Amino acid sequence: MKRICLFLLVLTLLVACMPAGALAETDASSTRLVPEGETATLTVFCPMDANLQDYISDWNETPYNQELERLTGVHVEFISPTTSAAAETLNMLLVSGDIPDIIINAQLYADGTYQGVLDGYFIDLAPYLPDYAPEYWEVITSDESIWREATDSDGTISAFYRIFHTPNPAWMRLVLKQEVLDQVGVTEVPATIDDWDALFEKMLAAGITPYMLAADGYEEKFIGAFGLREDFYQEDGQVKYGQVQDGFREYLTLMHDWYAKGYISKDFISQSNVDTMFALGEIGTYDKPIVAAYNFGEAEGYTVLSTPYPRQTEDQFLHWDGYQASLVSKDLNYGMVVVSSTCEQPELAVQWLNFLYTEPGIELANWGIEGLNYEIVDGVHQYLPVMWDYNGISQEGLNYYFKMHNAASHAYSDTVCHANLLKSPEATAIRMLYDDDPLLDSALYLPNISLNADETETKTRVMSDIDTYVDEMVLKFIVGTEPLDNWDTFVSTVEGMGLQEALDAMQSAYDRYMANTIAE
Amino acid sequence: MIEKRDLPQRSLTALNYAIITLVALLCLYPCIHVLAASFSDPVRLIRHRGALLWPTGYSLRGYQTVFNNPNILIGYGNTLFYVLVGTAINIVLTSLGAYALARRGWPLRKLFVFLFVFTMYFNVGIIPTFMLVKGLGMLNTRWAIVLPVAINTWNLIVMRTSFAGVPDELQESAYLDGASDLRILCQIYVPVCKATMAVMLLFYAVEHWNSWFTSMIYLTDTGLYPLQMFVRDILLFDGAAGTTEDANAIYLKELTKYAVIVVSIVPILVVYPFVQKFFVKGVMLGSVKG
Amino acid sequence: MAEPARTLRAPHRQARPLLRRMQRYKYIYLMLIPVVLYYVIFHYAGMYYAVIAFQDYKPMRGIAGSRFVGLDNFVEFLGGVYAWRVIRNTLLINLYQIAFAFTASIVFALMIHQMADNRYKNVIQTVTYMPHFISIVVVCGLLAEFCESDGLINDVLAMLGLERTSLLANPRYFRTVFVASDIWQNVGWGTIIYLATLTGVDPSLHEAAAIDGAGRLQRIWHVNLPALMPVIVVQLIMRVGRMMLVGFDKVILLYSPATYETADVISSYVYRRGLSEMDYSYGAAVGLFNSVVNLVILVSANAFSRRVTGNSLW
């Protein structure tokens with residue numbers, strides 16, 4: 001115990017000393033948002049990334065946030081719940097009236113940020129952006145498609161988004177182990193559903209549980225092969241709900257078939273330690289961040305393979321992909337940020353958020369701190385070894401320690417600045433593999449539409465019960481406790497619960513979205 | 001007592017012993033399993049199937065991970081605070097209430113017993129209670145964890161019953177000596193009923209030690225979280241699943257779970273045997289109707 | 001009516017003793033102040049906030065500014081698709097607990113009572129009380145581990161020739177897991193009160209029964225069980241009286257959408273809708289409904305017991 005305490009003490013000292021000692025400080029006089037000698041404080045809600053919370057307890061311990069504070073002159077008091085309690089914590093803060101100035105990860109607000117503005121929790125950023133966030137304003141007004149995604153249809157702007165310079169390639173793939181393919185005598189990675197079926201059969205015969213389906217029973221890659229997306233999507237301008245489409249029944253039929261044959265793990269609903277099971281060769285495939293899987297395989301001495309999106313036939317054109325759809329990211333953890341209505345210095349809050357869209361801020365968020373975790377050699381950014389190994393912090397954790405991987409910033413693609421990809425050329429290459437799939441687009445993708453108060457009320461009222469019902473039924477269909485013969489009853493039940501009302505609400509919001517053009 | 005030990009009777013006895021022993025083993029086994037697992041080698045543990053009576057391989061890495069986790073230490077500290085302060089408040093308020101309710105001849109006794117016991121069977125539900133705590137300005141403070149549970153009515157009734165058993169003469173003579181009620185409580189009732197007090201202490205302390213739900217709904221600052229919240233995170237959520245590519249994080253996850261269980265229940269199991277002999281008294285008293 | 005004179009004089013006679021009695025018990029009142037404050041603030045004041053069950057409560061508008069909607073929230077719940085399911089689950093889980101866990105302790109107490117070896121008896125008691133003190137968080141964490149399809153419980157099931165299955169993912173087994181783990185945790189603890197009662201049974205009753213030629217089982221049936229009966233009845237009423245309030249944190253730690261069908265109880269539904277989805281008024285209404293039903297059950301159980309067995313809480 002004593003040794004541990006000592007160890008902790010040394011650690012703390014090291015962390016405390018490091019930024020000051022090791023690097024040439026950049027001048028903060030041009031970046032400060034408050035005059036020299038003064039300090040300002042903002043309170044910020046920012047859940048602690050699960051990869052980091054085993055190592056630190058306050059975001060202010062990270063060099064990234066210390067540097068951000070130095071550059072902006074703004075001190076931040078973080079409220080950082082663990083990820084498993086983040087949504088409840090946010091709800092509590094909102095209802096208590098003790099709302100932090102800034103809420104990072106604002107998609108936790110169940111009704112959406114636009115509704116949050118209407119509910120009076122968040123402010124409309126539109127009046128502030130041109131003056132206090134000129135760089136962000138420039139980015140979102142640079143392109144019609146970015147504008148539509150980053151704004152709400154009536155001219156309101158409810159949130160800051162992470163906006164990419166160039167599209168980010170898909171990061172989740174169904175992964176395989178070369179060794180397992182060799183073992184079962186398969187030479188090519190599967191391309192069609194039939195290929196997968198054949199592979200699974202061989203895996204099962206070899207004593208491997210072939211497939212760990214996602215715990216909720218939805219795998220967008222297989223759903224996409226049936227020409228749809230889960231939940232709401234649009235086809236030729238018409239909003240649809242995936243789970244009642246005929247294609248979805250085919251998906252469920254396939255999954256049930258695989259479950260019954262033993263291809264899908266019996267534990268998929270309550271899965272745990274999947275990474276380990278894959279590493280030990282106990283399961284054949286699962287959906288996984290491809291680079292993480294690859295690098296882990298490298299370290300452990302096996303080869304991880306990426307796979308193309310599954311298709312019914314090799315020449316099938318897939319339309320479900322969402323990665324290419326927009327430069328505006330709205331599904332990543334930290335990439336969606338709002339300012340609360342109780343914030344007493346909204347101008348400062350907006351300026352602070354805008355900082356990550358200015359040159360020094362973009363450098364900081366995307367790369368980190370020069371001299372500490374990266375250096376520039378011949379004009380090229382290169383990470384220093386600490387970026388992969390520092391103080392026993394997990395590698396993924398370091399992406400939130402020296403830099404802010406998912407920050408709402410003007411972001412470079414992972415292929416440019418993600419440490420895990422830059423570990424080796426192979427790691428980058430495997431992320432890019434299949435990214436140039438010619439038979440793939442995002443035609444079915446439903447953009448970031450914003451519902452007005454009535455539409456939100458309708459959607460929430462109707463979908464709360466429908467979601468619960470559908471999610472349960474999907475699992476039951478797959479496991480077989482509900483026979484697929486009852487599909488029609490299922491569809492009519494969902495429709496009877498008022499699905500059309502929700503669809504109408506979504507449709508009108510979608511139509512408004514499409515009519516939205518850049519403000520003067 | 002004369003008993004004819006014929007064969008059926010004897011086999012009945014044997015069967016009885018066998019079943020009881022089996023139940024006891026079932027109660028004991030998970031604890032042994034957890035203890036053994038927590039000292040195991042991480043990879044061998046994951047591959048291990050079936051019962052575990054002894055560590056498979058040996059490693060302390062689970063415990064290292066747990067003690068290197070700053071949140072665990074923060075949680076430990078907070079839990080200690082909640083247990084100490086919370087239990088102190090519990091015991092003081094419960095004794096005061098029990099003394100009054102045990103007071104013979106006091107005319108309003110029945111009324112107050114009813115008003116208190118009523119709350120055991122009727123509560124307004126978590127939402128209004130949440131709003132009440134909010135209205136009191138206690139959200140995200142340590143008070144929200146200790147004050148709303150300041151008295152457990154069941155414990156209050158137990159203590160009252162115990163106090164009611166104190167002989168009248170002790171009380172009367174103290175009165176004649178001019179002792180105040182508060183003094184009588186401290187110097188007569190508490191020492192006389194020390195077995196009950198010990199059990200109450202344990203009950204309250206364990207309640208605080210194990211509590212997590214109130215922290216989840218009343219606390220937003222993780223710096224105030226008790227241990228159980230972090231334990232819950234580690235045991236029931238695969239938080240870091242997905243993006244991590246760290247062998248340590250991946251392989252150690254299972255081992256860490258067991259280590260954190262041990263770390264979180266050891267303090268209770270250490271105190272428990274000392275208080276255990278008083279249990280019968282404590283629980284028995286509670287069964288007497290209010 | 002027989003003594004009118006006394007009735008007439010009563011006011012005067014009672015006035016002074018009342019004051020005197022107040023005076024006499026003044027320290028009692030002083031000591032009760034913090035206790036009463038606690039109950040008033042944390043139990044009775046909360047009832048004020050229950051008014052949001054009848055409103056369309058919006059936090060930003062407060063209770064005063066929120067719209068009154070009468071019984072709309074109750075109607076929405078009772079008319080909704082999940083009302084019956086969560087009510088049924090609440091009742092079933094509790095009934096199973098009473099049928100199995102509650103009786104298990106009684107049976108176990110009778111068995112322990114038969115043990116002649118006192119030291120061994122003590123060991124057994126120490127060991128079987130212990131799980132009671134393990135936190136529900138840890139118990140659920142253990143269950144998650146042991147219930148996996150390659151977990152310990154399935155190993156045992158497989159030995160018995162049953163099919164391996166992920167127990168926590170299957171709605172069919174949720175109640176079994178829930179109640180069985182409850183028995184595991186509390187069977188020993190639950191015996192305490194019965195054992196204490198059994199020690200108080202007059203030995204001469206046993207002797208008389210033995211002389212009459214009663215075997216051991218018969219004596220348990222005719223002597224021990226009747227001796228326990230009043231305690232059992234009181235315990236049962238108390239248990240039934242908490243019918244709708246029990247085990248909720250364990251439910252939200254163990255359930256998942258896959259098992260909502262059998263696992264979702266009223267209080268977990270309140271938690272999800274009320275706190276997770278921020279539908280405060282709806283959550284409060286369902287919670288209030290729950291509490292009222294609970295009270296009705298308690299009062300009925302008590303009345304029933306008084307009539308049938310003669311034992312009751314009040």
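Domain bounds here come from an automatic or database domain assignment. On that basis, chain B splits into domain 1 (1-59) and domain 2 (64-287), and their centres, taken over C-alpha atoms, are 31 Å apart. This is a predicted model, in which local features need pLDDT of at least 70 and side-chain atom pairs count only at pLDDT 80 or more, while totals for chains, interfaces and linings use all residues. Residues are numbered from 1 along each chain as its sequence is written, with chains lettered from A and ligands numbered from 1 in the order in which they are written.

So how do the two domains of chain B meet? Nine residues of domain 1 of chain B are in contact with eight of domain 2 of chain B, contact being C-beta atoms, placed from the backbone, within 7 Å. On the domain 1 side, the elements giving two or more residues are helix 1 (7-38) and helix 2 (42-47) of chain B; helices are DSSP runs (H or I, at least four residues) numbered from the N terminus. That side has seven nonpolar, two polar and no charged residues, where Ala, Val, Leu, Ile, Met, Phe, Trp, Tyr, Cys and Pro count as nonpolar, Asp, Glu, Lys and Arg as charged, and the others, Gly among them, as polar.

With chain C, 69 residues of chain B are in contact with 74 of chain C, and the chain C side holds 50 nonpolar, 17 polar and seven charged residues. With chain A, 34 residues of chain B are in contact with 38 of chain A. Helix 3 of chain A gives the most to the chain A side, with six residues, and that side divides into 16 nonpolar, 16 polar and six charged.

Leaving out residues up to four places away in sequence, Ile102(A) touches Leu42(A), Val44(A), Phe45(A), Val337(A), Val339(A), Ala349(A) and Leu353(A).
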